Amino acid sequence: MNQRPSVFRHVVVLGSALALLVAAQQLRGQQPTGEPFTTAITKLKDGLYVIPGYDGAATGGNVAVRVTSEGVIVVDSKLPTLYDDIVNKVKSVSAHPIRYVLNTHQHGDHTGANAQFLKSADILMHRNARANMLTMKLAGPGRIVYTGQQSVFLGGAEVQMRYLGRGHTNGDSVIYFPDLRTVHTGDLVVWGKRSQGTILTPFMDYAEGHGSGKEWVATLDKLLAIEWDAAIPGHGPVLTKDQVRTFRSRMQTMNDRVAAFIKRGGKKADVAGAITLDDVGWPGAVRGLDGLYDELSR
Ligand SMILES: [Zn+2]
């Protein structure tokens with residue numbers, strides 16, 4: 001019998017525990033940052049905070065909070081049930097009132113608390129986003145709209161809303177904080193996982209949002225041409241420019257694959273089943289592929 005002294009057994013146990021730890025860490029390295037899904041308000045830069053959002057249901061979209069000496073500008077309003085939560089979190093970083101709510105687009109996980117905010121703040125959005133809200137009978141459409149570009153100046157800060165073209169919808173605003181070199185992209189960019197664990201993939205909202213998967217790539221090129229070093233996506237962790245470049249190349253790959261499918265005679269009814277993007281990081285179905293099929297067939 002070759003019984004090892006207990007000190008060796010401990011070393012072996014410790015060794016396998018270490019190996020497990022390393023393996024777990026490597027696994028974690030492949031996960032998107034932002035987990036384990038904190039919804040605490042987080043400082044991104046001086047004067048700019050994020051209230052994280054990971055999905056359309058429980059946590060809504062990412063809210064950006066720009067704090068100035070004359071009041072607060074927030075980007076997007078999550079869900080109706082999260083109004084108090086947003087207000088309380090903003091109170092924890094500023095004594096000033098929320099003066100403006102800027103919406104990236106009309107979807108209910110980004111405009112859900114608009115009706116409550118309208119009682120004390122102005123709401124700004126792209127003209128098409130407002131029109132879409134009216135058609136969809138969503139509560140709290142913006143009072144102030146624009147088409148190309150507009151700015152809010154408050155407490156020495158400028159916050160720009162820029163329309164860069166169609167993508168997720170026909171009314172997506174990119175919110176640009178020029179002094180902080182940061183953008184909020186709305187759902188023109190999504191990244192990482194929903195809080196229930198599935199991977200976020202882009203949604204081409206053709207039916208109600210009049211979006212365009214074909215034009216989305218050019219819209220992202222315009223976004224990448226702006227000077228910034230941090231992007232708050234519609235949902236998920238704050239991203240680098242390289243990560244947004246990766247998102248753009250996935251979008252291009254999707255377009256190329258649908259175009260090739262059409263070229264070899266693929267039928268519209270089969271497109272959703274035929275196009276897989278698991279290998280580029282978008283597992284499962286990307287919503288709106290049949291709309292993209294129509295667009296690329298024209
Ligand atoms: Zn959306």
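What arrangement do the 4 donor atoms around the zinc ion make? The arrangement is irregular, because these donor atoms subtend angles of 81 to 169 degrees.

## Basis of the description

This is a predicted model, in which local features need pLDDT of at least 70 and side-chain atom pairs count only at pLDDT 80 or more, while totals for chains, interfaces and linings use all residues. Residues are numbered from 1 along each chain as its sequence is written, and side-chain values use heavy atoms, with hydrogens and water left out.

## The zinc site

The protein donors of the zinc ion are H105 (NE2), H107 (ND1), H168 (NE2) and D187 (OD), at 2.2 to 2.3 Å from the ion. Donors are N, O and S atoms within 2.8 Å of the metal (3.2 Å for Na, K and Ca); water is not among the atoms, so sites may look incomplete. Along the sequence, the donor residues follow the spacing H-x1-H-x60-H-x18-D. H105 and H107 are both buried, a term that denotes under 20% relative accessible area, with exposed being over 50% and partly exposed in between (1.4 Å probe, protein chains only).

Four donors count as tetrahedral if all angles lie between 85 and 135 degrees; four count as square planar and six as octahedral if opposite donors are over 155 degrees apart and all others between 65 and 115, and anything else is irregular. Ideal angles at a metal are 109.5 degrees for four tetrahedral donors.

Strand β6 (residues 98-102) is mostly covered, with 4 of its 5 residues buried. Helices (H or I, at least four residues) and strands (E, at least two) are DSSP runs, numbered from the N terminus. Strand β5 (residues 71-75) runs parallel to β6 and is joined to it by 4 bridges; two strands pair if DSSP finds at least two bridges between them. Within this pair, L102 in β6 stands opposite V75.

## The five-stranded open sheet

An open sheet of 5 strands has the order β9-β10-β11-β12-β13 and mixed pairing. Because β9 (149-154) and β13 (230-235) stand at the edges with a single partner strand each, one side of each is left without a neighbour in the sheet. The twist averages 25 degrees from one strand to the next. Axes are lines fitted to C-alpha atoms, for helices over the stretch in contact, and angles run from 0 to 180 degrees between N-to-C directions.

The pairing of β9 with strand β10 (residues 157-163) is antiparallel over 6 bridges, and V159 in β10 is the bridge partner of V152. Helix α6 (residues 213-225) packs on the sheet, touching β11 (173-177) and β12 (182-190), and its direction makes about 165 degrees with that of β12. Contact means heavy atoms within 4.5 Å.

## Two partly exposed residues

D179 is placed in the loop between β11 and β12 and counts as partly exposed at 46% relative accessibility. Beyond four places away in sequence, D179 touches R66, A157 and E158. D179 and A157 are 22 residues apart in sequence and 7.6 Å apart in space, C-alpha to C-alpha.

L296, in helix α9 (residues 289-297), is partly exposed with a relative accessible area of 23%. Not counting residues up to four places away in sequence, its contacts are K214, N255, V258, A259 and I262.
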